Amino acid sequence: MSPKPLLGPCDSYQLEPFAYEWAWTMARAQENNNWAPEEIAVAPDVADYKDPTLDPKHKHLFVSVMAQLTTFDIERGDDAAETFLSVFQPAEIRHFFKRLVWEEGLHTRSYRYVIENLGIPLSIYDTWKTVPAMKARVEMAQQLSEPVLQSIKRQIEGRPYHQMDLAEKQALLRSLVFWFLIFEGVWFWVSLLGPVQQLARLGRFKGGAEQFTYIARDESQHIGFGQALIREYMVQNPEAVTDDLLATILADTHRAIDLESEYIAYCLKDGPILGYSVNEHVATAKFFANMRLGAVGLPQPFDDAYHAFPWMAEQMEIRKEKNFFETRVTEYQAGGALSFDDADEEGMAGPEEFPATGVIPPRTAREVPTEAPAEDDKKSVRELFPEDDPYFQKHEQSQWDDPLAGLK
Ligand SMILES: [Fe+2]
Ligand SMILES: [Fe+2]
């Protein structure tokens, strides 16, 4: 047993010695990724938004995605502060959660910056209540936090977290899987890197797309931290990982994908835009659901998943060079000597940097398909690049698609 169990007992005010140095290191890496919404050039987006020739489908898609993610970031920050930050006891774990909560607030401000500059009506902030698919997703997240709040209530009444019963430990694991792997790892991830990036590829809302890549870089760390935390939690509480719980997580995942389908169908309610359809979005969401669950050793539920948008990684690479290498590193590196590659290594580390204390083998050996069998024109991310591409010499798989590929 760890000298500082995740649920205690331990002294939350005693920082060192670390038991989870990876959490501290990841929080430090995030500090080297500091950015501000004002760095984003939104003037072209203002022109796009006011352009009378703008395709109404493009406008609706952009505003709808912005509406959902604005609400999601508020909800995510609030939830992390109100549940996980209380439950987990080691100081270094809580330290990462504090950084995560701050970043969700930054993301909220960033959306508002774009919304305000474009002059999008304030009714955008009501969208989550008026669009059933968005409301259902916000409520699903609330429901999965409710049992954790009950555990916190019991702790306040005098029963410490390490005395949680089996049902509570399972509810906590279910909530962790949902928030990190589904909410951030699928819902957020695909919306950040999918529809608005495609609009930018079509020449519209490039500032919004750039904003989303900044946010996605933060989210990749949140997901990676969550994967490490979930693995550690399962190692320390193996009795929680029962077949019944796996069935519940499977049902949660299917429900999350159903809601994702309804949401993107609303965003594309007047039909697909060039290069982006509901079916492709959903297949990609399933692809990431398989990837996220597989990364912590859980079953990968979708046989019909595929990555329909291999340009996601390409888009991130181009933007990384533009934003993070040429502009931001020199302005924002707090550590002085770090090059982008160094920050890259810190931020997207493999197992040697962020080990869980145990290894949970995958419950299924099935590989995630990277292309739809019936469609010849779908290519894996790797196939888009030349054989000797230096990026893939360093990373076996795109860091943007898979923040902690080495942990799998
Ligand atoms: Fe966020
Ligand atoms: Fe996040």
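A: The chain has 15 helices and zero strands. Helices (H or I, at least four residues) and strands (E, at least two) are DSSP runs, numbered from the N terminus. This is a predicted model, in which local features need pLDDT of at least 70 and side-chain atom pairs count only at pLDDT 80 or more, while totals for chains, interfaces and linings use all residues. Residues are numbered from 1 along each chain as its sequence is written, and chains are lettered from A and ligands numbered from 1 in the order in which they are written.

Q: Why is G207 called buried?
A: A residue is buried if 20 or more other C-beta atoms, placed from the backbone, lie within 10 Å of its own, exposed if 12 or fewer, and partly exposed in between. G207 has 20 C-beta neighbours inside 10 Å, so it counts as buried. This residue lies in helix α10.

Q: Which residues is G207 in contact with, leaving aside its neighbours within four places in sequence?
A: Two residues are in contact if their C-beta atoms, placed from the backbone, lie within 7 Å. On that basis G207 is in contact with I40, A41, V42, P44, D45 and V114.

Q: What puts the buried residues of α2 on the same side?
A: In α2 (residues 43–50), the buried residues are D45, D48 and Y49. They cover an arc of only 95° around the axis, and therefore lie on the same side of α2; the arc is that of the directions from the helix axis to the C-beta atoms. A43, A47 and K50, on the other side, are exposed.

Q: What covers the buried residues of α2?
A: The cover includes α5 (91–118) and α10 (206–236).
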